Amino acid sequence: MSNAPWPPGAATAIGSMPGTDPFEAATVVVGELPDLPHLPEVPGRGLGTDIVGRAAGLLVDIAVEVVPSGYRVTARPGADHRRTVDHLRRDLDAFEQAIEQAGTRPPLVKVQVAGPWTLTSEVELPRGHRVLSDPGALREFTESLAEGLRGHVAEVRKRTGADVVVQFDEPSLPAVLAGALPTPSKLGTVRAVAEPDARDTLAELVSAAHDATGRPVVVHCCAPRPPVALIRDAGADAIALDATLLDGTPAVLTDQLGEAFDGGCVLFLGLVPSVEPALPPTLEGLARPALDLVDRLGFPRSLLAERAVPTPTCGLSGASAAWARRALALARDLGKGFVEPPESW
């Protein structure tokens, strides 16, 4: 991964942007993140534009509808499913337009999709149980998402003329592994998924993304203790995490991060607050978790230029429009700092 397809010091973002205008979001992303822009998610528009709804819209031959508890499998596509698909089409239109307006086409773009465990933990079967609790349904969803992802990547590549990097968002993975998801009755929890099973299912999607793009695959988990070893074993080339939560991590996680870094894994380090902080941040203060991490792992700081990609700590849907733009600019400045560190670092 030292030959990552993005240039040293590239920066990107996790996915979501504030507001309800996909063109405005895309314009900001393309302008502020020229080396690795991402197809923005704009969940402020409501159900169907959130992480789960967008992934459900990619499913092939599986339809979902909105119910009071969230999303549920339905026999045939209805208004909810069509609305989700339409939102994604508008996002692609806006992204294509923003790139054309910028006048220079990026060589590489990133797309985000809910990973298999987050998707199947948040979608219900007709009787109310989570999809992941039914092995047959889990298998169908995994295969359907892989097929839909291949089509999505082809569409993004056709519209942008760029190669595509896929990021799987797995915020629910730690809860899945811990058996912490409540049952429909709320009186119990769904049985924990064994790590080998979780790894194998995630690996199937990572492999599908590799086949579709020929590029590195990123897995994002913003939990305080992301399952780094499992993600690496599933074949991910890069792991996106909130680096501001790593202070005081147990030795086992530090060891896993060190092994990942040593093995060539790229770390997408969440360093810029996802909402505006009370005090204006300094670039050195934002970089500190990254600098401390490589110091603790025993690697030279110069390795950050090729093995780290700065990002906001998580999605920016809760930020103001002004802070979202500023956050992306700060991430870009951090990337430049990784390549040519200021004397104060």
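Leaving aside its neighbours within four places in sequence, which residues is Ala 223 in contact with? Contact here means heavy atoms within 4.5 Å, and by that criterion the partners of Ala 223 are Pro 174 and Leu 245. The structure is a predicted model, in which local features need pLDDT of at least 70 and side-chain atom pairs count only at pLDDT 80 or more, while totals for chains, interfaces and linings use all residues. Residues are numbered from 1 along each chain as its sequence is written, and side-chain values use heavy atoms, with hydrogens and water left out.

To begin with the whole molecule, the protein chain has twelve helices and nine strands; helices (H or I, at least four residues) and strands (E, at least two) are DSSP runs, numbered from the N terminus. The radius of gyration of the protein chain is 19 Å, close to the 20 Å that the globule rule gives for 345 residues, so the chain is as compact as a globular protein of that length. That radius is taken over C-alpha atoms, and the globule rule is 2.2 Å times the number of residues to the power 0.38. Along its principal axes, the C-alpha trace spans about 60 × 50 × 40 Å. Of the 345 residues in the protein chain, 55% are buried, where buried means under 20% relative accessible area, exposed over 50%, and partly exposed in between (1.4 Å probe, protein chains only). The accessible surface of the protein chain comes to about 14,100 Å², and 50% of it belongs to carbon and sulfur atoms; such areas come from the Shrake-Rupley method with a 1.4 Å probe, and for residues only the protein chains shown count as cover. Among contacts between residues at least 6 apart in sequence, 74% join residues at least 24 apart.

An α-helix has 3.6 residues a turn, so residues three or four places apart point the same way. Just after helix 9, Gly 264 takes a positive phi of about 95 degrees.

Helices 1 and 12 can be described together. In helix 1 (residues 22-32), the buried residues are Pro 22, Ala 25, Ala 26, Val 28, Val 29, Val 30 and Glu 32, and they pack against helix 3 (79-102) and helix 12 (321-339). At the start of helix 1, a side-chain oxygen of Asp 21 reaches to within 2.9 Å of the backbone nitrogen of Phe 23. In helix 12, the 19 residues should span 27 Å at 1.5 Å a residue, and the end C-alpha atoms are 28 Å apart, which agrees. Buried residues of helix 12 include Trp 323, Leu 328, Leu 334 and Phe 338. The buried residues of helix 12 pack against helix 1, strand 8, helix 10, helix 11 and strand 9 (308-312).

Several loop residues complete the picture. Asp 61, in the loop between helix 2 (51-58) and strand 1 (63-67), has a positive phi of about 65 degrees although it is not a glycine. Asp 61 is exposed, with a relative accessible area of 79%. Lys 186, in the loop between helix 6 (173-178) and helix 7 (195-213), also has a positive phi of about 65 degrees without being a glycine, and its relative accessible area of 62% makes it exposed. Ala 223, the residue of the opening question, sits in the loop between strand 6 (217-220) and helix 8 and counts as buried at 17% relative accessibility. Ala 223 and Pro 174 are 49 residues apart in sequence and 7.4 Å apart in space, C-alpha to C-alpha.

Conventions:
A polar contact is a pair of N or O atoms within 3.5 Å; within protein, one must be able to donate a hydrogen and the other to accept it, and residues adjacent in sequence count only if both atoms are side-chain atoms. The expected span of a helix is 1.5 Å times one less than its number of residues.
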